[in-house]
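Trainee: I'm new to this one. Can you put it up and walk me through it?

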Amino acid sequence: MFKKILPAIIFFSVYACNSWAQETDKGFTVIPLGVKGGDDESNLSSYMIAPKGSDKYVCLDAGTINAGIQKAIDLKSLKGISEEIQRRQIKGYLISHGHLDHLAGLIINSPADTAKNIYGLPSVLNILRDKYFTWDAWANFANEGEKPQLKKYTYFPLLEGNTYPLEGTDMNVKAFELSHGNPYKSTAFLIGHNDSYALYLGDTGADEIEKSDKLAKLWQNIAPLITAGQLKAIFLEVSFPNEQPDKLLFGHLKPKLFFNELSKLEALTNEKAFKKVSFIITHVKPPQKTAEIVKRQLISGKPKDLKLIFPEQGKCLTIN
Ligand SMILES: [Zn+2]
Ligand SMILES: [Zn+2]
C-alpha cells in the first residue's frame with residue numbers, strides 16, 4: 001500500500017531534475033551527496049543546492065563529498081569528473097555543526113579543492129579552526145588558527161538573523177541556532193533565491209526533550225514564508241525509530257517528535273499552505289532494518305496530505 005502512495009507524493013512537487021530543469025526560474029535543484037546519519041562513511045549528510053537551472057551550488061553540510069558526486073555522475077545527475085565538479089560547481093560549504101559526519105568529506109577532500117568560503121555560526125567555525133584544521137588533525141587549509149595558514153578556505157561567520165549573500169551563487173542565507181544535545185549547538189540554514197526558499201536543519205532534538213525553544217523560534221520565523229507559498233522544502237532529520245527511549249536520543253528526533261514539531265509549525269500557518277511544503281527526511285541512522293522502521297513509522301503516522309521525501313544519494317531532486 002505504501003509503495004503506491006509514495007510515488008504520488010513525490011511527483012506532486014519534486015521532479016526528476018533533467019526533465020523539468022528549464023521550466024521556471026523559481027525553486028531549487030538538490031543533489032544529495034550523502035543522506036545517512038551514521039556508519040557508512042561513503043554516504044553521510046551532505047546536500048548540494050542551487051537555483052533551478054544553475055550549476056553554481058553550495059553544499060549543505062559536507063559529511064560525504066567525493067563518493068556522493070561519483071554516485072551522482074553514475075545516476076546522470078551531474079556530468080564530468082568528480083574532483084572538477086567539487087572544484088568548480090561547489091562554491092562554498094555551509095556547516096551546521098562540528099560533528100564529523102557533517103564535515104569529514106570537506107576535510108578529506110580539501111587538498112584537491114579550490115578557494116572558497118566556509119559558512120557557519122561563529123561557534124561552529126571555531127570547532128573547525130580549533131579541532132580539525134590544526135596541523136595536528138589535518139593541514140590548516142583555512143585563513144585562521146594554527147600557522148601556517150594555507151588560506152584556501154575563508155571562514156565566513158553567520159550571525160543569527162542576518163541575511164548574507166552566498167558568494168559565487170545567486171542565493172543568500174540566514175542562520176538560526178538549533179539545540180543538539182543541549183548545550184551543544186547546531187544550525188538551520190534558510191536558503192533564498194528570488195522569492196523562493198528552502199530550509200535545511202542540521203541535527204536537532206525536539207524542544208521538549210532539549211528543554212529549549214530553538215525550534216519554536218525557528219517555526220515562528222519561517223511560518224510567514226509558508227503562508228506566502230515561498231518556502232518550498234524543509235530538510236529535517238529523523239534519526240531513530242519511536243522505540244528509542246527519550247533519554248537515548250542524544251539530541252535527535254524520532255517520528256513521534258518530528259510530527260509533534262510539524263503540528264506546532266502548521267498551527268502557525270494554514271492547512272492549505274502547509275501541505276504545499278515538501279519535507280525531506282535526513283539523517284536516518286543505520287542499520288538498514290532500523291532505517292526501514294523509521295520510514296514505515298513516518299509513512300504510517302503522517303497526516304494524509306503531508307509531503308514526505310526520502311532522498312537517495314546522487315539522485316537529483318527539483319523543488320518547486
Ligand atoms: Zn550531530
Ligand atoms: Zn549527524
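Trainee: Is His180 buried or exposed?
Mentor: His180 is buried, with a relative accessible area of 4%. Buried means under 20% relative accessible area, exposed over 50%, partly exposed in between (1.4 Å probe, protein chains only). This is a predicted model: local features need pLDDT of at least 70, side-chain atom pairs pLDDT 80 or more, while totals for chains, interfaces and linings use all residues. Residues are numbered from 1 along each chain as its sequence is written, chains are lettered from A and ligands numbered from 1 in written order, and side-chain values use heavy atoms, without hydrogens and water.

Trainee: And His99?
Mentor: His99 is partly exposed, at 31%.

Trainee: Which residues coordinate the zinc ion (ligand 1)?
Mentor: His97 (NE2), His99 (ND1), His180 (NE2) and Asp203 (OD), at 2.2 to 2.4 Å. Donors are N, O and S atoms within 2.8 Å of the metal (3.2 Å for Na, K and Ca); water is not among the atoms, so sites may look incomplete.

Trainee: What is the spacing of those donors along the chain?
Mentor: The spacing is H-x1-H-x80-H-x22-D. His99 lies in the loop between β5 (90-94) and α5 (104-108), and His180 in the loop between β9 (172-179) and β10 (185-193), so the pair ties together parts 81 residues apart in sequence. Helices (H or I, at least four residues) and strands (E, at least two) are DSSP runs, numbered from the N terminus.

Trainee: How far apart are the zinc ion (ligand 1) and the zinc ion (ligand 2)?
Mentor: They are 3.4 Å apart, and Asp203 coordinates both.

Trainee: New topic. Which residues of helix α4 are buried?
Mentor: In α4 (residues 82-89), they are Ser82, Ile85, Gln86 and Gln89.
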